[in-house]
Amino acid sequence: QTPAADDSLYRAWGEKAGIQAVMQDFVVRLQADARMAPFFKDTNRDHLATQLTEQLCQQAGGPCVYKGVPMKEAHEGMAIGRRDFNALVEVLQQSMAAKGIPFAAQNAMLARLAPMHRDIINKP
Ligand code: HEM
């Protein structure tokens, strides 16, 4: 993954606090969404929100370094299909909208995350 060119996306998201607010909302929605709940039933919400915040902060060009489990390893053995990936993106869109992330900044973040599907989708 190429590093972000600058921190404009990070600032558009409201820096670390803005990203964190979206991720805290997101993990609650993941466990409430009928399609996602089975994957996240044993998940510690605070841990996941923290890891996601670091990762999205880095992707947005912010002063963060994601030090969690690499994406391929983190999602191994979960049988994640394209449909599951798309459903997670839908839930993320709900959170971004709920927290008032500008539409262009929503799409720019999705564009940074989309290539990760290669490491995350592991079932046909
Ligand atoms: C671009 C999309 C995605 C990103 C950026 C992402 C990111 C992450 C991150 C950062 C972690 C934490 C790893 C750690 O603990 O160090 C994680 C864990 C996890 N992810 Fe994803 N993920 C994505 C897609 C998905 C999808 C599509 C699913 C399933 C439908 C999924 C299910 C999970 C589960 C169940 C965990 C383990 C949570 C736990 O119990 O600790 N992820 N993911």
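Reader: Which residues come nearest the ligand?

Author: This is a predicted model in which local features need pLDDT of at least 70, side-chain atom pairs count only at pLDDT 80 or more, and totals for chains, interfaces and linings use all residues. Residues are numbered from 1 along each chain as its sequence is written. A residue is near a molecule if its C-beta atom, placed from the backbone, lies within 6 Å of it. Of the 22 residues around the ligand, those that come nearest are T43, G68, V69, D84 and L113.

Reader: Which element gives the most to the shell around the ligand?

Author: Helices are DSSP runs (H or I, at least four residues), numbered from the N terminus. Two or more residues of the shell come from each of α3 (37-40), α4 and α6 (82-98). With five residues, the element that gives the most is α4.

Reader: Why are α2 and α4 described as they are in their orientation to each other?

Author: The axes of α2 (residues 15-32) and α4 (residues 45-59) come within 8 Å and cross at roughly 135 degrees. Axes are lines fitted to C-alpha atoms, for helices over the stretch in contact, with angles from 0 to 180 degrees between N-to-C directions. Angles under 35 degrees count as roughly parallel, over 145 as roughly antiparallel, 65 to 115 as roughly perpendicular and the rest as oblique. The two helices, α2 and α4, are therefore oblique.

Reader: What is the mean pLDDT of the chain?

Author: pLDDT is the predictor's confidence in each residue, from 0 to 100. In this chain, 100% of the residues reach 70 or more, and the mean pLDDT is 97.
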